[in-house]
Amino acid sequence: MAFTRTLGSQLGEESGFGVQFKGLKKEEDEESEIDEEELDEIEETIAERLIGLTEMVPDRVWDITSHSLSFSYWLVRRSAWVLGTSLAILLLPVFVEQQRLEVLEMQDMHTKQVMLGQGAPPTGRRMLPPGSPPM
């Protein structure tokens with residue numbers, strides 16, 4: 001008990017066990033701190049807050065983050081370029097050829113329709129009278 005009293009008298013504030021803790025704050029100390037009204041009065045822009053946060057991060061971390069982000073950006077740009085040009089080189093001729101064939105087919109159908117008349121079927125077959133043998 002003498003030890004706890006001696007320790008308690010050296011540390012400052014006494015707890016329920018006779019041991020005092022200097023690091024703990026009382027309610028009076030908390031009231032002396034900045035209260036919520038004073039915090040509401042402090043106006044800080046987002047830019048000021050971000051600048052304050054940048055001062056907390058070491059320069060080495062900023063360098064690593066900056067290099068990794070710039071490399072990631074370069075890699076995404078390069079990949080998009082390679083993918084885009086590859087698709088254009090490989091697929092563009094296929095689409096152009098398909099459109100060319102459709103245009104030729106439409107021209108062919110139009111030519112047959114003009115030559116055979118409006119009543120002719122679009123396939124170009126001649127209509128046979130009923131009962132005649134097929135050719």
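The accessible surface of the protein comes to about 12,900 Å², and carbon and sulfur atoms account for 63% of that area. This is a predicted model, in which buried residues make up 3% of the 135 residues in the protein. Its secondary structure consists of five helices and zero strands, so that the order along the sequence reads α-α-α-α-α.

**Confidence of the prediction**

- Averaged over the protein, pLDDT is 76, with 57% of the residues reaching 70 or more.
- Among the elements of the protein, helix H1, which covers residues 2–11, has the lowest confidence, at a mean of 45, whereas the highest value belongs to H5, at 94.
- Over residues 1–15 the pLDDT stays under 50, and for this stretch the model has 21 contacts beyond four places in sequence.

**Nonpolar surface patch**

- Six residues are named in a nonpolar patch on the surface, namely Leu83, Leu87, Ile89, Leu90, Leu91 and Phe95, and together they have about 630 Å² of accessible area.
- One of these residues, Leu83, lies in helix H5, the element that spans residues 59–116.
- Leu83 is classed as exposed because its relative accessible area, at 53%, is over the 50% that marks this class.

- A search covering the whole structure finds one salt bridge, and Arg100 forms a salt bridge with Glu97 in which the closest N and O atoms are 2.7 Å apart.
- Side chains of opposite charge can pair when their charged atoms come close.
- Arg100 and Glu97 are three residues apart in helix H5, which means that about one helical turn separates them.
- Both partners fall in the partly exposed class, since Arg100 has a relative accessible area of 42% and Glu97 has one of 35%.

- Ser68 is a residue of helix H5, and its side chain reaches the backbone oxygen of Thr65 at a distance of 3.0 Å.

**Points to keep together when viewing the model**

- Residues 1–15, by contrast, form a stretch over which pLDDT stays under 50.

Conventions. Residues numbered from 1 in each chain as written. Predicted model: local features only at pLDDT ≥ 70, side-chain atom pairs only at ≥ 80, totals over all residues. Heavy atoms only, no water. Patch = residues over 30% accessible without salt bridge, like charges linked within 9 Å, V, L, I, M, F, W, Y side chains within 5 Å. Areas by Shrake-Rupley, 256 points an atom, 1.4 Å probe, with all protein chains shown as cover. Salt bridge = Lys/Arg side-chain N within 4 Å of Asp/Glu carboxyl O. Helix = DSSP H or I, 4+ residues; strand = E, 2+ residues; numbered from the N terminus. Buried < 20%, exposed > 50% of the residue type's maximum accessible area, 1.4 Å probe, protein only. pLDDT = per-residue confidence, 0-100. Contact = heavy atoms within 4.5 Å. Polar contact = N/O pair within 3.5 Å; in protein donor to acceptor, adjacent residues only side chain to side chain.
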